Amino acid sequence: MSRDRMVPAPISEQSGPHTHQIAEVVGLSDALAAAGAGVEAYVDPDTGDDATGTPYKTVAAALASGPKVLWLRCSSTPICHAGLSISNIEIRAWKEPGDAGIRPKLWALTNHQSGDFSASSAGAGIYFLSLAVDPNAVWELDANGGLLRFGEAWSAENDPRKPFARASVDLADVRAEAGRWFFGNGPEGQGLYLRPANDVFPALGFELPSANTGVEATGLVSLFGLEICGGRDTVLQASYCLGLDQDCYIGHSGSADALDLMVQARWHSLRSQFSDAGDDAINTNGNGAAYSALHCLYTLNVGDGVAPHGVGNDVRLTSCTMCENGKYGFVSIGTGYFYLQGCTMVRNFVSGMRFQLGDHTEQTTVEMLNCEANKAKIRANDPTTVSVKATNFRGGMELQANATVFGFWSSGNQRGFRVYGGTVELRDFKITDSGFAGVEQAGGDLTLIGGAVLRGANGFVKSGGTTTIHPNSVNIPDAGIGAPQGRHLGLDATPLAALVSLPQI
């Protein structure tokens, strides 16, 4: 039979800051071939037979045959499993003409119909399912077979940027309102107490995670064109691994991350989407962890989009979007090297970007080129441990670091550009319509060269630090809206020139 194998386009011609990672990815095929990658297996959840293996029906049986390349059939029927460990393997989509599925569904989930539940005496319309462990999440299937996180409420602010957060804390919540669930002890013992929306059990049932971690990856791993979902905690976790996902959808974790990179994990993503994680879409944990991504989307996660932790991360993102997440688009409490080019971090519930490095003493480098965030906060208790270079940045920025910012545009932020500490140079800037101040300085050494602050409550508010302004290149005039705009270099009305530290440059 013919197989349209959806072989991905080559990426070896790409260049730039990802060049060394791309070389690693290209080398995956050679390494897998050396390990015997000619051994193939196929999985078809509709017509497969594990006894014959031509093709297999389950992924567990196919993996047991020892393939180096595994083909999964695109089907509306998910390929369900109870947790997988993969190593030194390529997993690809296999699509026949007329196949309904866009991607093969590799799900660490178990479907439960009404017959699996019993009526609970806890209250009218409540169903009970005996479970030994908390599933951390329950999903309902929509008409197209997609997963919808069930029984979770919007934020108190009812802000559409805020993804769902688990709200049912006891049986009283389930009794009070349809569309809720609770795990714990009740009249029927320990398990899941669930009240369907509108008190009608859905025809397609509910999906519950079947493993703590959906897929655990080690060694050399390549994933192409897959939908990878499920896990009480994490969907995909890698350690001591060189891995790649391309054109994949990875998401729907219970309490933790979509992709979790542990010790010595180097991972590359290309044109993939990461959504509906119970915490962060991407989590790196230092200890040699490295992550690069091109043209990826991180959205509608309960926590953050991309979230490095630990010491010694290497994270490089190009043309990626981190939006509509429950906390930040990008947040790091870990050190290392971070490169972002052409990235957008907007419409997240808390803010676009944050580096909160505290007392870390390891050196951190942040480079941004042509990026946008409603606000980027980069702060360390010792500003000399952080070096920032930002070029053509759009949004608000708050710094306690050594930084050079060239090309900065901000409009409508409460504070356009704010400095707490470090040696900071701001060149070629335009800041308009700030709610409190276009530029605010509370400490550090700030140099302004070539720019303007227009139409805001205050042009420049200063409470500390040293300021140097290049003569005849900075325009912070009266905006003509209300009392003297742009003349406040303190909370008093002291003229601008009186508070500028000399010599000017």
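Two strands count as paired if DSSP finds at least two bridges between them. I keep this definition at the head of my notes, since the sheet entry below rests on it.

**Entry 1. The model as a whole.** I note that this is a predicted model. I looked up the secondary structure and found three helices and 42 strands in the protein. The protein has 505 residues, and 54% of them are buried. I then looked up contacts between residues at least 6 apart in sequence; 49% of these join residues at least 24 apart. For the accessible surface I recorded about 19,400 Å², with 51% of it belonging to carbon and sulfur atoms.

Entry 2

I next examined the pairing of β7 with β8 (residues 127–130). These strands run antiparallel and are joined by two bridges, which meets the cut-off of at least two. Across this pairing, I found Ala-119 opposite Tyr-127 in β8.

**Entry 3. Aromatic residues.** I recorded 14 aromatic pairs in the structure. One of them joins Phe-330 and Phe-355, with 5.5 Å centre to centre and 35 degrees between the planes, and is classed as tilted. The class follows because planes under 30 degrees apart count as stacked and over 60 as edge-to-face, the rest being tilted. Phe-330 lies in strand β29 (residues 328–332) and Phe-355 in strand β32 (residues 351–356), so the pair ties together parts that are 25 residues apart in sequence.

**Entry 4. Arginines over rings.** I looked up two cases in which an arginine lies over an aromatic ring. Arg-73 lies over the face of Trp-94, at 5.2 Å from the ring centre. The charged end of Arg-92 is placed over the ring of Phe-224, 4.1 Å from the centre of that ring.

Terms used
Residues are numbered from 1 along each chain as its sequence is written. This is a predicted model: local features need pLDDT of at least 70, side-chain atom pairs count only at pLDDT 80 or more; totals for chains, interfaces and linings use all residues. Side-chain values use heavy atoms; hydrogens and water are left out. Helices (H or I, at least four residues) and strands (E, at least two) are DSSP runs, numbered from the N terminus. Buried means under 20% relative accessible area, exposed over 50%, partly exposed in between (1.4 Å probe, protein chains only). Contact means heavy atoms within 4.5 Å. Accessible areas come from the Shrake-Rupley method with a 1.4 Å probe; for residues, only the protein chains shown count as cover. Rings of Phe, Tyr and Trp (its six-membered ring) pair if their centres lie within 6.5 Å; planes under 30 degrees apart count as stacked, over 60 as edge-to-face and the rest as tilted. A charge sits over a ring if NZ of Lys or CZ of Arg is within 6 Å of the ring centre and within 35 degrees of the ring normal.
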